[in-house]
Amino acid sequence: RLAVGTTKGYHILKCTPEIRQIVSNNDEGTSIIQLYYNTGLIAHVSTGEEASSSQRCMKITNIRTRNEIVRMSYTKKILAIRFNRNFLVLASDESIRIYDMKTMKLKHTISSPPPNPNGVLALATCHVTSDEDQGCRHLLCYPKSNEKGDLFIYDVENQRLLYNLEAHTSPVACVTFNNRGSLLATASCKGTKFRVFATATRVKLYELRRGFSTSASIISMSFCVSRTGPCSYSLRLQALFQSVVMPHSKFLCVSSDKATVHVFKTDRHDPSFLQTAEQSEQVDSWSGYFTSSLSSALSYIAPSLPEIWTEERSFATASLEIACENSSTLIYEDGQLILVVFTSFGDLYKFAVEDEGVCRQLARVSIFSVDLMQDHQALHPQTLPQPVSSQGTKEAPSALK
C-alpha cells in the first residue's frame, strides 16, 4: 500500500501486482497519514490551512465507511504518528504518548522530549504470527538531542528506557527498525553515511556510504519486505508505504532529495549479535574466554583502522528522471526483488532489482492519473478501536482553533 497526503486530501494506492488507486479524498488537506496494515483504518492529521482543520488534532477514520471513529486533540502540534498491532505512538512538541491500539487508552506519556521538529521517530512493527511474537521487540526510537546524534531506545511494552545510543556526531535525520526490532538503521543530517545497529547488543553492524562528496537530506529508510502489511515511512514527504518486513532483513533502501535511490545489503553479520543476554548466555570455557578477549582487543584496535575499509557502498542504485524528495520501499513479487519509489511530484516508480545489482525500470505513473478501484476488496477486515470523542485526552481543548 501507498498512502499520500496532499494539500487537498489524501490518496491510497495498491502497488502490487499492479498499481491501482483504492481511495481518493479531497475533503481536507493532510499533513500526516498512517495506514493500519491492510485494513481500511488510517490515522491522519490536517494541514491546518482551513478554519475547520488543525495540526493539533489526530483522527482515525475507516475509509471503507468514511466514518470517523477516533478524534483526539492536543495543545501542541502533532509531529509524527506510528502504528503497530499493539500500540499507537504519537509525538508532539510537548510529549510522546503511547496508546493501546485496541482500546485507544493512554498507557504511558514520555514528558518533555527534546525538540524534534522533523518528527524523527521509529516504532518496530512486529508484524508476525502469534507463535513468532516472542522474538519481537516493541521498541521505540527518538532523538535525545537536536544538536547531537544520540538516540533513546525505549521498550514500549514494558514502558522503560533501555539505553542511549550514540549513533552519529551530527543530528539524526532518519531512523527505522526492521520488523522484529532487532536492527536499527540511522542517518545523520549530512546524509552521506548510514549505520545499522543490533538493538540487543548495541553493536554497529554496518557503516554504509551513499557518496563521498555530496551531502543529501535523507527522507526515508526501509528494510526489505515480502508481502502486504507495515514498514516504511517518510519524514517530510507525506507518503507511507505499508508492507511486511522479511525476517532476515537482507536489504535496506535509502531515499533522499537526490535523483538516486540506494539499495544496500544487510545480511552479512553474525546472528549472535541480534540475541539478547537472556537468549545467549556466555559459556564459561576457554573458547568463550578467548572470544571475549579477542573482542576486547579489537575494540581498541578498530578506531585506528582507516574508516574506508569498514564502509560499504550500495549494492544497487535506481535513477529517477528528476532530483526531488522521494520515499521508497522494497518488496517481493513472484520471487523478484522490487524497489518502489514515490516522489514529491506525485510519480510512482517500480524497479526490478537484479542479482547483479542492476535496477531495471518496470513502470512509472502519476498517482493522480491512476484508475480508482470500484470497491475495497483489497482491504482486509480488522478489529478496530472503539470510538473516542475529542475528550480522549485530559488536556484536549473543547474546540479546535
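The structure holds 0 disulfides; a disulfide is a pair of cysteine sulfur atoms within 2.5 Å. This is a predicted model, where local features need pLDDT of at least 70, side-chain atom pairs count only at pLDDT 80 or more, and totals for chains, interfaces and linings use all residues. Residues are numbered from 1 along each chain as its sequence is written, and side-chain values use heavy atoms, with hydrogens and water left out.

**Cysteines**

- Cysteine 253 is buried, at a relative accessible area of 0%. Buried means under 20% relative accessible area, exposed means over 50%, and partly exposed lies in between (1.4 Å probe, protein chains only).
- Cysteine 189 counts as partly exposed, because its relative accessibility is 42%.

**An open sheet**

- An open sheet is formed by 4 strands in the order E28-E29-E30-E31, with antiparallel pairing. Strands (E, at least two residues) are DSSP runs, numbered from the N terminus. Two strands pair if DSSP finds at least two bridges between them.
- Strand E28 (326-333) and strand E31 (359-366) stand at the edges. Each has a single partner strand, so one side of each is left without a neighbour in the sheet.
- On average, neighbouring strands of this sheet are turned by 20° against each other, direction ignored. Axes here are lines fitted to C-alpha atoms, and angles run from 0 to 180 degrees between N-to-C directions.
- Strand E29 (residues 336-343) and strand E30 (residues 347-353) run antiparallel and are joined by 5 bridges.
- Valine 341 has tyrosine 349 in E30 as its bridge partner.

**Salt bridges**

- Side chains of opposite charge can pair when their charged atoms come close.
- The whole structure has 12 salt bridges. A salt bridge is a side-chain nitrogen of Lys or Arg within 4 Å of a carboxyl oxygen of Asp or Glu.
- Lysine 193 and glutamate 207 meet in one of them, at 3.7 Å from N to O. This pair links distant parts of the chain: lysine 193 lies in strand E18 (residues 193-198) and glutamate 207 in strand E19 (residues 204-209), 14 residues apart.
- Glutamate 207 also forms a salt bridge with lysine 204, with the closest N and O atoms 2.8 Å apart. Lysine 204 is partly exposed at 41% relative accessibility, whereas glutamate 207 is buried at 3%.
- Glutamate 333 forms a salt bridge with lysine 350, the closest N and O atoms being 2.7 Å apart. Here strand E28 holds glutamate 333 and strand E30 holds lysine 350, 17 residues apart.
- Glutamate 333 counts as buried at 18% relative accessibility, and lysine 350 does too, at 6%.
- Salt bridges that share partners join Lys193, Arg195, Lys204 and Glu207 into one network.
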